[in-house]
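Here's a walk through a fold, with the sequence and structure alongside.

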Amino acid sequence: MIITINGRPGSGKSTTTQLLAKALHFKTIDVGQLRRRAARQRGMTLHEFNLWSEKHPNAGDKAFDRALVVAVGRLPNVVVSSRTAFHFFPKAFNVFLDVSAGVGARRIQADQQDRSVETGKRTSLQAIQLAAAKRVRNDSRRYRKLYGINIFQRKNYAYILNTTRIPIPQVVRKVQKAFRTWQKGKR
C-alpha cells in the first residue's frame, strides 16, 4: 500500500509523513529531506540545488525520481513525501496538504534549524514567505517542464486538507481516517 503526500511549504508534509507512517506501521521516504541533504553536501541552499537540478535533470530531479520508484517498489507499505510521487503512483492514496502562506512561513521559521537550507541565512517571516513562494514557482516550472505535470493541481489527489488551522496530530488523524475510507472503497 502506498500513500503519497505533497503540499505547500510549511503545510506539515514531513511531520505528517513520519507520524502517519508510525501510526500505520508503514515505512517512510521523504524526498524533501533527501534533497536538503544533497543540497548541504554540495554547499547549496535548497533553492540553489533546485536550480541546479533544473539545469541537470538527469543528475537532479530524474535521479531522485528514479531512486524513489525503485525504493517504493521494494516496500510493501510506505508513506512518501514527494512533489512527484502522485505522478509515478497514480493508484496510490495521494494526499495534498495546503496551508496559508503566512502560517506556512511561521511553521518553517519555528523549524528554522532543520530548514535553514531552504532559506539560506534569512530568518524573517517575510524572507521565509518570499523564499517559499519562489520555491513553489520553481518547483511548478521544473516539473511542468520535466514531466508535463502540475504538482499543485487538485485533481491529482484523492484527499486534500488545508492544515492552516489544524494542529499536526489532528492532520494525521484526518489523513489516516480518509485513508481507511479510501481503502474500504478499493475492496
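How many bridges join β1 to β4? There are 5, and the two strands run parallel. One thing to keep in mind as you look: this is a predicted model.

## The sheet

Those two strands belong to an open sheet of 5 strands, in the order β2-β3-β1-β4-β5 and with parallel pairing. At the edges sit β2 (27-30) and β5 (159-162), each of which pairs on one side only. On average, neighbouring strands here are turned by 20° against each other, ignoring direction.

Now for the individual pairings. Strand β1 (residues 2-7) is also joined to β3 (residues 78-81), by 4 bridges, and this pair runs parallel. Here you'll find Ile5 standing opposite Ser81 in β3. Over on the β4 pairing, Asn6 stands opposite Phe96. Strand β4 is in turn joined to β5 by 4 bridges, again running parallel, and the bridge partner of Leu97 in β5 is Leu161.

## Helices packed on the sheet

Helix α1 (residues 13-24) packs on the sheet and touches β1, β2, β3 and β4 (93-98). Its direction makes about 160° with that of β1. Helix α9 (residues 168-186) packs on the sheet too, touching β1, β4 and β5. In this case the angle is about 150°, taken against the direction of β4.

## A well-covered strand

Why is β4 described as largely enclosed by the rest of the structure? Because 6 of its 6 residues are buried. Have a look at both faces of β4: Phe93, Val95 and Leu97 are on one side, Asn94, Phe96 and Asp98 are on the other, and all are buried.

In soluble globular proteins, nonpolar side chains tend to be buried together. The largest nonpolar core in this model has 20 residues, and the members that touch the most others are Ile3, Leu20, Phe93, Val95 and Val175. Elements giving two or more residues to this core are β1, α1, β4, β5 and α9. The largest share, 7 residues, comes from α9.

Val175 is a handy place to start exploring. Leaving out residues up to four places away in sequence, Val175 touches Leu20, Phe93, Val95, Leu97, Tyr159 and Leu161. Apart from this core lies another, of 13 residues, with Phe64, Val80, Ala85 and Ala92 among them.

Ser140 lies in helix α8 (residues 125-147). Its relative accessibility is 13%, under the 20% cut-off, so Ser140 counts as buried. A polar atom of the Ser140 side chain lies 2.8 Å from the backbone oxygen of Val136.

The other spot is Ala39, found in helix α2 (residues 31-41). Ala39 has 0% relative accessibility and therefore counts as buried. If you want to trace the chain onward from there, go to Trp52, 13 residues apart from Ala39. The C-alpha atoms of Ala39 and Trp52 are separated by 9.7 Å.

Note on methods. Residues are numbered from 1 along each chain as its sequence is written. This is a predicted model: local features need pLDDT of at least 70, side-chain atom pairs count only at pLDDT 80 or more; totals for chains, interfaces and linings use all residues. Side-chain values use heavy atoms; hydrogens and water are left out. Buried means under 20% relative accessible area, exposed over 50%, partly exposed in between (1.4 Å probe, protein chains only). A polar contact is a pair of N or O atoms within 3.5 Å; within protein, one must be able to donate a hydrogen and the other to accept it, and residues adjacent in sequence count only if both atoms are side-chain atoms. Two strands pair if DSSP finds at least two bridges between them. Axes are lines fitted to C-alpha atoms, for helices over the stretch in contact, and angles run from 0 to 180 degrees between N-to-C directions. Contact means heavy atoms within 4.5 Å. A nonpolar core is a set of buried Ala, Val, Leu, Ile, Met, Phe, Trp, Tyr and Cys residues joined through side-chain atoms within 4.5 Å.
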